[in-house]
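Please find below some notes for a colleague who is meeting this structure for the first time. They are set out as numbered points, to be read beside the sequence and the model.

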Amino acid sequence: MNELLRQLLFLPEQRSSLAGEIDWLHYFVIVVTMGGAFLITLIGGYFLVRYRRRGESTTRPHPGVFARPALFLETVGLLSLGFVFLTFWNVGTRQFVDLRTPPEDALDVYVTAKQWMWKFSYPAGESMISVLYVPARRPVRLVMTSRDVIHSFFVPAFRIKQDVLPGRYTTVWFEASEPGAYPILCTEYCGTSHSEMRGQVIALDPADYERWLAGGAASTPAFAQEAASQAEQEGAEAEPTMPTRGERAAARHGCLRCHSLDGTPHVGPTWAGLYRAVVPLEGGGERIADEAYITESIMDPLALVHRGFQRVMPSYVGQIPPPDIAAMIELIKSIRDVPRGPVVPWDGGVPGSATPEGVTP
């Protein structure tokens, strides 16, 4: 039945762990709405024939005779429609939560969209243009941002679509059910070459993926090499690991003048052990130091100030490009197990007068 309905609706094959559930909700909504429309058509046709006008009639309603509503039928109809609505809402809400909650062991990949290409960066250091390599049967979380206008990341075979916005990060996750090559489309009009903003997800067996990650591209399957040929022509190259790029970006933008990487107290909170830590806020309350909090603290540092630290950090809106922010977040993740030490401000002098050893601002 699933295959019949999929072909009748011209849907691509289901190639992710959640694609089947999403399609079944799709089928359910279509069958119920089409069934309701057919029922209304039948009732309307019956009324059209049963109560059609039969010539001129001089009959007048008898005084005191009124039409009585069928309360039982109206009640059944109202409750039935309410049940259908609540069923749609319950199933849709559960799927929405599932699509927004990646598993704990999900592989993070950073996606940067710009007119008119997709760039994928891996924490291990690889960076690819237009081709996303992932291991099959393992959850993958995409952390996405745009460098110019609104784009939308869509993989039809996985049934996932997520807007990619400038100036903020959005996430989506999937788990490819089997190896293969799957097209990526942009479904938000983004300029003259919008229709050419395409890419490929290459899902590999875990062993093939590890070989590719280690640099053994020649040992990847033939379909993967063929699908990646466009990226090779455009000069996709390996880069330093993202934590390394994050440390360079932090030094370049002056972040390490006020934040330490080894837990030492400084002008601002240390980055050691910060990721996923509970941050007490000035004025009360707490926040988990996740990607959203770290990004917000860079863009608008006075909105949620770490308790005990001065309000001296300026805003970096428009000054730090999204790839640098993503790399700095990976740097903070990489030192999450470094002991933080006492979470108190540094009192060693004027901000910026000391620079961590080996780092050039």
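1. Cys255 counts as buried, because its relative accessibility is 11%, where buried means under 20% relative accessible area, exposed over 50% and partly exposed in between, with a 1.4 Å probe and protein chains only. Its sulfur lies 8.8 Å from the closest cysteine sulfur, that of Cys258, which is too far for a bond. Cys186 also counts as buried, at 7% relative accessibility.

2. The model is predicted, so that local features need pLDDT of at least 70 and side-chain atom pairs count only at pLDDT 80 or more, whereas totals for chains, interfaces and linings use all residues. Residues are numbered from 1 along each chain as its sequence is written, and side-chain values use heavy atoms, with hydrogens and water left out.

3. How many disulfides are there? The count is zero, a disulfide being a pair of cysteine sulfur atoms within 2.5 Å. Cys186 is in no disulfide, and the nearest cysteine sulfur to its own, that of Cys190, is 3.9 Å away.

4. An open sheet is formed by five strands in the order S4-S10-S9-S6-S7, with mixed pairing; strands (E, at least two residues) and helices (H or I, at least four) are DSSP runs numbered from the N terminus, and two strands pair if DSSP finds at least two bridges between them. At the edges are S4 (131-135) and S7, each of which pairs on one side only. From one strand to the next the twist averages 20°.

5. Strands S6 (residues 151-155) and S7 run antiparallel and are joined by five bridges. His151 stands opposite Val164, and Phe154 stands opposite Lys161. The two strands form a hairpin with four residues between them, and Arg159 in the turn has a positive phi of about 60°.

6. Helices H8 (residues 291-299) and H9 (residues 322-334) pack at an angle of about 125°, with their axes 11 Å apart; axes are lines fitted to C-alpha atoms, for helices over the stretch in contact, and angles run from 0 to 180 degrees between N-to-C directions. H8 is therefore oblique to H9, since angles under 35 degrees count as roughly parallel, over 145 as roughly antiparallel, 65 to 115 as roughly perpendicular and the rest as oblique. Glu291, Ile294, Thr295, Ile298 and Met299 in H8 meet Ile325, Met328, Ile329, Ile332 and Lys333 in H9, contact meaning heavy atoms within 4.5 Å.
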